[in-house]
Amino acid sequence: MADYAKILATNVKARRKELKLSQEKLALESKIDRTYISGIERALRNPSLDLLVRLAKRLKTTPGKLLTPPD
């Protein structure tokens, strides 16, 4: 089975960097703590479905794409 925490971590970090967002700015705009973003990007945190949707919206993508293994 795929490790979705790692897939999410990789995709959130890559997309955040593509959009030239800092962890702090993404966290502020997603209404969560910066350390929580850091935890997601290190596969230490499992965000709720609501948070996953908010992150996807801010990252201009879909929750499905954030959970799809990168090529």
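This is a predicted model: local features need pLDDT of at least 70, side-chain atom pairs count only at pLDDT 80 or more; totals for chains, interfaces and linings use all residues.

Me: What does the radius of gyration say about the chain?

Reply: The idea is to set the value beside what a compact globule with this number of residues would have. For 71 residues that would be near 11 Å, and the chain has 11 Å, which agrees. The C-alpha trace spans about 35 × 20 × 20 Å along its principal axes. As for burial, 37% of the 71 residues count as buried. And if you take contacts between residues at least 6 apart in sequence, 58% of them join residues at least 24 apart.

Me: Now the helix pair. Which numbers describe two packed helices?

Reply: You want the angle between their axes and the distance between the axes. Here, helix α2 (residues 23–30) packs on helix α3 (residues 34–41) at an angle of about 110°, and the axes are 8 Å apart. Angles of 65 to 115 degrees count as roughly perpendicular, and α2 and α3 are therefore roughly perpendicular to each other. The crossing of α2 past α3 is right-handed.

Me: Which residues make the contact?

Reply: On the α2 side they are Gln23, Glu24, Leu26 and Ala27, and α3 brings Arg34, Ile37, Ser38 and Glu41. By type, the residues of this contact divide into three nonpolar, two polar and three charged.

Me: Take Glu24 in helix α2. Is Glu24 buried or exposed?

Reply: Exposed means over 50% relative accessible area; Glu24 has 57% relative accessibility, so Glu24 counts as exposed. For a sense of spacing, Glu24 and Tyr36 sit 12 residues apart in sequence, with their C-alpha atoms 10.0 Å apart in space.

Me: And how many residues of α3 are buried?

Reply: Six of its eight, so α3 is mostly covered, taking under 20% relative accessible area as buried. The buried residues in α3 are Tyr36, Ile37, Ser38, Gly39, Ile40 and Glu41.

Me: What covers the buried residues of α3?

Reply: The cover includes α1 (4–18), α2 and α4 (49–58). While you're looking there, check the backbone just after α3: Ala43 takes a positive phi of about 60°.

Key
Residues are numbered from 1 along each chain as its sequence is written. Side-chain values use heavy atoms; hydrogens and water are left out. Axes are lines fitted to C-alpha atoms, for helices over the stretch in contact, and angles run from 0 to 180 degrees between N-to-C directions. Helices (H or I, at least four residues) and strands (E, at least two) are DSSP runs, numbered from the N terminus. Angles under 35 degrees count as roughly parallel, over 145 as roughly antiparallel, 65 to 115 as roughly perpendicular and the rest as oblique. A crossing is left-handed if the near helix is turned anticlockwise from the far one by less than a right angle, and right-handed if clockwise. Contact means heavy atoms within 4.5 Å. Ala, Val, Leu, Ile, Met, Phe, Trp, Tyr, Cys and Pro count as nonpolar, Asp, Glu, Lys and Arg as charged, and the others, Gly among them, as polar. The radius of gyration is taken over C-alpha atoms; the globule rule is 2.2 Å times the number of residues to the power 0.38. Buried means under 20% relative accessible area, exposed over 50%, partly exposed in between (1.4 Å probe, protein chains only).
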